Amino acid sequence: MDCPEQETIEHYISGQLETSKLAEFEVHLETCGHCKTKLAEARENEKLLSELRFLGTTTSSEGNSVTTQRVYIGTVERAQELLGSKYRVVRMVGHGGAGEVFQVIDTVLDRQVAVKFLTRKDTAEKLNKQRWQEARLLGQLNHPNVAQVYNIGESEDGVRYIVMEWVEGLLLTDAWREMSLQQRLGLYLQVLDGISAAHRRGIIHRDIKPPNILVTAANKAKVLDFGIAVDEQPFMSINESRYRGTPAFSAPEQITAPVEVSPATDVFALGILLYDLLTDTLPFDETDPAALFDSIKNKHPELPSAIQEKIPIALQNICLKALEKNPHRRYRTARDLLDDINRYLRGEKVWSRPSFLLDKVQQEVFYHRQKLKVWLNNELVTQREYDKLESIYERMMSPDDPSIIEARKLSLSQVCLYLGGWIAVLGSFVLFYKTWDQIPIYWRPAPAIVATVLMVIFGLTMWRRKESRLSVGFLATANLLIPITILLTLGQWEILSAHYFSWGKETVYHFLKGAGSYVIVGNMQLYLSSWCWLAFSFLFLRLTKSSIFACFSIISFLIWLTTCYIIGGMEVWKQDIIAGRYLFPGIGMFVLGMILDRRKYTPYAWPPGAAGLTMIIITLSVIALSDQTLFGWIYRKPEFLKSAEHHLLSFMCNGVIYLGLACVCRLLGTRFQRALAQVLSWLGPLHFLAVLRILDLDKQNLGFCILDLDIPHLHRMFYRFLLPVASLAFVFGSVVRQMKSFFFSGLAGIAASVHKLTVEHLDKFFAWPISLIITGITWMFVSWLVPRWKASVAIKRQQ
Amino acid sequence: MEWVTTTQVLEELQSSNDAPAWQRLCDHFNTVVVNFAKHMGLSVPDAEDAAQETMLAFVKAFRDGKYNRDKGHLSDWLFGIAKHVILNFRKRQPLEQLMADKTTGTSFWDMIQDDNSIKLSWETEWRQMVLAKCCEQARREFDPKVFKAFELYALTQTAVDKVAQQLEMSRNAVYIAKCRVLSRLRELNGQFE
């Protein structure tokens with residue numbers, strides 16, 4: 001490989017290099033000193049760049065920083081002058097580069113309040129309508145864990161101020177130092193409660209940190225400076241255009257242009273607070289701001305359990321999920337975080353997993369899989385070992401979405417959701433199979449159509465909102481409603497019905513008649529509805545990857561296949577052979593399994609694949625035993641054979657079919673198909689040899705009945721000799737393609753032949769077992785000596 | 001403005017007593033001290049006075065031979081002087097009494113920084129000044145198109161395709177521009193102090 005372009009190095013550093021190129025580049029790096037130097041240099045450059053971005057260093061030719069204008073309050077007298085007579089200023093409690101806060105008595109209501117003056121002129125100007133509106137909203141928020149905003153105002157001189165609840169207490173972090181984990185979590189939950197109440201009203205705090213949370217004497221947590229702190233309290237006088245917040249508690253999106261703040265921004269700060277709660281340290285504690293910001297953006301925190309061994313893993317996972325770099329991967333709001341912690345406290349399973357740990361695992365797995373392929377090619381691992389590891393790795397690479405796992409749990413809400421859906425489906429079904437004269441014909445399908453459309457819309461909306469659990473419920477209901485609605489619509493409006501369509505035989509009608517149905521359903525209608533059902537099941541399966549849609553796909557596919565079968569006039573077969581009607585569905589399921597596997601839905605491929613194969617085996621076996629023939633050309637009965645012989649030979653034909661299927665499966669070559677091939681490759685030879693053994697049987701008393709196959713003596717003699725010959729052929733033939741199934745079947749066949757020979761001819765001849773032993777030992781020695789002899793001959797020839 | 005390293009400023013200050021040397025010193029460090037003082041809560045006029053006082057104290061100490069470059073960074077030494085001067089300025093204001101009683105008041109309102117945050121604030125100001133000067137110098141040295149590519153792609157994080165299209169360069173040229181400018185900035189950064 002030539003030295004890569006600068007672009008590749010850039011992408012490598014930023015972690016955006018495609019996986020396919022990654023391994024190639026890393027291999028190149030090991031050998032190319034020039035690229036190593038370039039990479040090291042690029043890494044150093046990135047550090048400097050991170051610092052430049054954080055500091056917002058001007059690159060303008062003027063280069064001078066702008067001076068910030070401040071309004072200076074400074075004294076109690078000046079504050080009193082600005083506030084007027086409604087308030088009596090007691091003292092100043094804080095001041096700094098950001099604002100000035102005074103302890104004040106509201107003389108009208110006779111209560112203590114805190115008044116915060118927005119002293120930075122630029123900030124006050126930037127406190128635009130929207131944020132001011134947010135402060136107003138906050139004024140309406142009356143929550144025990146949020147310091148309330150009582151009033152906002154502007155003095156005659158244009159100085160803006162906010163009147164807030166006066167809170168006395170300890171800093172949260174100071175308060176919980178002596179507390180147990182449970183007590184700390186109790187306080188933390190209060191904080192979450194307060195913040196989630198604000199999130200519900202669309203208010204974002206933007207600057208959650210321990211100094212903004214106080215714990216009162218009554219052990220009540222109060223969140224302060226809500227939604228306002230950021231505009232008023234920028235970190236340092238620099239770079240205000242880019243950065244708002246407190247460095248150690250900033251989310252990556254707060255320190256990256258363009259700044260995009262959402263409730264998830266607060267979740268990140270809450271994650272840091274939780275980390276502090278668990279470990280008494282901060283996840284990002286660099287003192288150098290550039291290094292700190294670099295860590296927040298690019299580095300993952302140390303695992304809390306590495307700092308404090310006893311931390312529950314569920315809490316660790318919750319904390320790390322809240323600290324995800326990508327806001328979309330975090331909890332969306334404080335409420336979601338609260339729910340997960342409550343789940344932990346209730347002793348329920350917490351599904352949250354930090355994506356960076358999964359990414360790390362997947363990256364390692366990716367490398368290992370690459371190596372595994374090389375090992376397989378070099379025969380360092382066997383195909384079987386490779387398949388086993390691959391299957392484990394595949395599961396690790398695509399674990400089920402936690403929401404899907406959640407959707408499978410039968411909680412009260414889940415049960416209610418599905419029950420509701422089921423009732424809607426039942427309602428539509430009742431609408432479908434009874435005639436409702438009270439409703440005009442053209443309006444009869446309307447309720448079902450409306451219900452279907454609503455379910456689809458709700459389902460997709462919920463999915464977009466990442467409410468996967470609900471989405472699966474709605475979409476599953478929609479999926480069941482779709483075929484019913486289509487059948488109902490087509491039936492009521494007489495589209496594609498038996499009257500107008502030559503293929504429209506009323507099949508379902510006969511089925512439903514027993515249930516008192518008045519509806520006549522044409523086959524073409526059934527075909528169309530099952531096809532639509534299948535299509536939607538696939539669509540929803542692709543969207544949600546939920547196994548429920550895999551089940552729907554299988555059922556709809558079977559119905560669709562049956563409809564094709566009926567439309568094709570093949571129902572005649574079922575009158576001849578009962579098993580015949582299951583053969584095609586069996587093949588259909590088997591093919592579906594194959595398709596699903598090819599489409600990388602291997603977990604969903606197993607049920608239809610295995611069920612299909614079982615159906616094929618059973619139906620072929622039944623057909624082989626039947627007097628009727630499905631495929632005359634395979635099972636045509638030669639005149640000279642008797643019936644029992646014919647059935648058994650049909651079994652041998654089945655064995656050949658299985659071997660053919662095994663070849664097809666092996667040629668297609670995925671892990672799933674190789675597994676099917678494995679099963680089939682055992683069935684083939686076993687069918688063949690077992691039948692040979694049975695064909696050689698005389699009249700046998702089985703205890704409960706007498707088995708008399710009535711096979712002519714000449715034929716039996718032929719089979720008697722064929723069994724050991726075929727068995728030996730299998731044993732030796734297995735060497736060619738490492739066919740263990742043939743080898744073991746051959747061994748079994750030989751054993752059967754020996755048994756037969758012993759029982760029938762040699763049971764009184766004592767030399768027989770001895771000669772067998774001697775033959776065996778001789779074979780062993782020969783097999784040991786011959787290669788040695790061949791090797792020594794080869795060496796002599798070389799000399 | 002020409003490129004002047006800290007070493008050059010100090011050498012000039014050591015050897016001459018004239019106005020240009022003083023002016024160069026002020027150009028170099030004044031903004032840092034003013035911004036720092038503002039961040040410490042001083043008003044603009046007070047911050048400027050405090051910066052002036054800091055410079056005077058610095059020059060006096062330097063000429064008395066109290067600063068030895070082998071024993072520490074100039075930044076740390078200047079920080080010590082600036083902090084001392086600014087705290088003296090603050091003492092003249094009627095605010096200190098308000099710092100009392102941290103636990104009974106709403107401590108979060110106490111915006112008076114601790115030592116760590118003061119130091120952090122200073123270091124940030126200092127780094128910003130150093131990097132700004134390096135950027136000015138790099139801008140002078142590089143072809144405007146190359147520097148613009150760096151600014152757009154690296155600093156304002158505009159998409160590389162957009163930058164390449166806007167400046168009529170190849171994507172790789174944009175990446176190379178970023179690499180070259182940053183490498184030079186690192187060199188200048190090393191030279192400055």
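**Exercise 1. Confidence**

Over which residues of chain A does pLDDT stay under 50, with 48 contacts in the model beyond four places in sequence?

*Solution.* The structure is a predicted model, and the scores for the model are ipTM 0.81 and pTM 0.45.

Step 1. The stretch asked for is residues 229-244 of chain A.

Step 2. Chain A has an average pLDDT of 76, with 78% of the residues scoring at least 70. Residues 58-70 of chain A have a pLDDT below 50, and this stretch has 22 contacts beyond near neighbours in sequence.

Step 3. For chain B the mean pLDDT is 76, and 82% of its residues reach 70 or more. Here the pLDDT is below 50 over residues 95-112, a stretch with 38 contacts beyond near neighbours in sequence.

**Exercise 2. The cores of chain A**

Identify the residues that touch the most other members of the largest nonpolar core, then trace where the core comes from.

*Solution.* 

Step 1. The core holds 73 residues; Val115(A), Leu172(A), Leu270(A), Leu274(A), Cys319(A) and Ala322(A) touch the most other members.

Step 2. Helix H10 (residues 263-279) of chain A supplies the largest share, 11 residues.

Step 3. At least three residues come from each of domain 2 (67-166) and domain 3 (167-352) of chain A.

Step 4. Take Cys319(A) as a case: leaving out residues up to four places away in sequence, Cys319(A) touches Gly271(A), Leu274(A), Tyr275(A), Leu278(A) and Pro304(A).

Step 5. A second core, separate and with 67 residues, includes Val472(A), Trp533(A), Ala550(A) and Ile554(A).

**Exercise 3. The setting of Ala334(A)**

Decide whether Ala334(A) is buried or exposed, and list its contacts.

*Solution.* 

Step 1. Ala334(A) belongs to helix H14 (residues 334-345) of chain A.

Step 2. A residue is buried if 20 or more other C-beta atoms lie within 10 Å of its own. Ala334(A) is therefore buried, because it has 27 C-beta neighbours inside 10 Å.

Step 3. Apart from neighbours within four places in sequence, Ala334(A) contacts Leu192(A), Ile195(A), Ser196(A), His199(A), Pro263(A), Asp266(A), Val267(A) and Leu270(A).

Step 4. Ala198(A) is 136 residues from Ala334(A) along the chain, yet 9.3 Å separates their C-alpha atoms.

**Exercise 4. The make-up of chain B**

How many helices and strands does chain B have?

*Solution.* 

Step 1. Chain B has eight helices and zero strands, so the order from the N terminus reads α-α-α-α-α-α-α-α.

Step 2. Of its 193 residues, 34% count as buried.

Step 3. Consider contacts in chain B between residues at least 6 apart in sequence: 61% of them join residues at least 24 apart.

Definitions and conventions: Residues numbered from 1 in each chain as written. Chains lettered and ligands numbered in written order. Predicted model: local features only at pLDDT ≥ 70, side-chain atom pairs only at ≥ 80, totals over all residues. pLDDT = per-residue confidence, 0-100. Contact = placed C-beta atoms within 7 Å. Core = buried A, V, L, I, M, F, W, Y, C linked by C-beta atoms within 7 Å. Buried ≥ 20, exposed ≤ 12 C-beta atoms within 10 Å, placed from the backbone. Helix = DSSP H or I, 4+ residues; strand = E, 2+ residues; numbered from the N terminus. Domains from an automatic or database assignment.
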